[in-house]
Amino acid sequence: MVAEKDNHRRPRIPALNTKFIFLVILSFVMLINDQKSNYLAIFRNSIAIAVYPLQSLVAMPSNLFVWINKNFSSREALTLENKILLNSQNINNTTLQRYQSLEQENSRLREILNAATRLEHKVEIARIISANINPYRHTIVINKGDKDGIHAGQVIIDADGVMGQILYTNFLTSEAILISDADHALPVQINRNGLRTILLGSGSYTNLNAPYIPNNADIKIGDLLVTSGLGGKFPAGYPVGTINSIVRNPSEQFSNVTAKPIALLNQAREVMLIKAE
């Protein structure tokens, strides 16, 4: 009975150390053969392809966080850059506008200086610092006053023609009335034939009234009106306006005549004051 039991025993399993050594040796052999023949490349590639979706899934949260962070950082950087560029553009536009304004101002000053050299009378250049906002009062304030020898009644002109006269003066500034003011009257004459009349302000910067020209007077559209010198305030010969409308009414003694001022009454920034001889 004992002999039968011994015959049915299972064969012994090699010790664990023996298996481990065998597997290590096998691994080295396979590595050496793979280095020479590279026959495991297909096997490795297959495993890599099979594992790639799992690797991508594991890395997805980290990649998503990096993408979001990068996207928001880029957006903030672009927003800041756009803001800086916009501010720079606004500054450049303002600077360009100032340069254009200075260029126009220099052009106006050159015109005034050129006109001053052609005048028989001595003049002094002044700058307009404010204008009356009342539409029915055409007055301006200039930056010359008593300290500069300015006096009431002194005539002001621009590079093209007569603008008005000084009403009153302060120590540093003076106020002048323009020829377009409804309360202003100016003795003039037609340059072509010497016909004298009075030119009145109409309250409009673009029209002056000549209400005392007879119906049978020799006047034409385009005739130049100049100061006559009568009254002693405005020296003779300075251009004032050109006739732009003539309406003759047989039932009336005088024609309805209007003239357009030559001076830029509501645009000038610099003026000239004619000094007394």
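Student: Let's start with a side chain. Which residue's side chain makes a polar contact with the side chain of Thr258?

Tutor: Happy to walk through this one; keep in mind that the model is predicted. Thr258 sits in strand E11, which covers residues 256-261. Setting aside neighbours within four places in sequence, Thr258 has contacts that include Asn207, Thr242 and Ser245. The side-chain partner in the polar contact, at 2.8 Å, is Asn244.

Student: Is Thr258 buried or exposed?

Tutor: A residue counts as buried when its relative accessible area is under 20%. Thr258 has a value of 15%, so Thr258 is buried.

Student: Now to Asp181. Which residue has its backbone nitrogen 2.7 Å from a polar atom of the Asp181 side chain?

Tutor: Asp181 is found in the loop between E5 and strand E6 (185-190). Beyond four places in sequence, Asp181 touches Tyr136, Arg137, His138, Gly201, Ser202 and Gly203. The backbone nitrogen at 2.7 Å belongs to one of these residues, His138.

Student: What is the relative accessibility of Asp181?

Tutor: The cut-off for a buried residue is under 20%. Asp181 falls below that cut-off and therefore counts as buried, with a relative accessibility of 1%.

Student: What is the area of the nonpolar surface patch that includes Phe20 and Ile32?

Tutor: Besides Phe20 and Ile32, the patch is made by Ile21, Val24, Ile25, Phe28 and Val29. One of them, Ile25, has its place in helix H2, residues 16-37. Together these residues make a nonpolar surface patch of about 670 Å².

Student: Which element of the chain has the lowest mean pLDDT?

Tutor: The chain averages a pLDDT of 80, and 73% of the residues score at least 70. Over residues 1-6 pLDDT stays under 50, and the model has zero contacts there beyond four places in sequence. Where pLDDT is low, the predicted coordinates should not be read in detail. Strand E5 (residues 174-178) has the highest mean, 96, while the lowest, 48, belongs to helix H1 (residues 2-7).

Student: How many strands are there in the chain?

Tutor: The chain has 277 residues, of which 27% are buried. Its elements comprise three helices, and the strand count is 12.

Note on methods:
Residues numbered from 1 in each chain as written. Heavy atoms only, no water. pLDDT = per-residue confidence, 0-100. Helix = DSSP H or I, 4+ residues; strand = E, 2+ residues; numbered from the N terminus. Contact = heavy atoms within 4.5 Å. Buried < 20%, exposed > 50% of the residue type's maximum accessible area, 1.4 Å probe, protein only. Polar contact = N/O pair within 3.5 Å; in protein donor to acceptor, adjacent residues only side chain to side chain. Patch = residues over 30% accessible without salt bridge, like charges linked within 9 Å, V, L, I, M, F, W, Y side chains within 5 Å. Areas by Shrake-Rupley, 256 points an atom, 1.4 Å probe, with all protein chains shown as cover. Salt bridge = Lys/Arg side-chain N within 4 Å of Asp/Glu carboxyl O.
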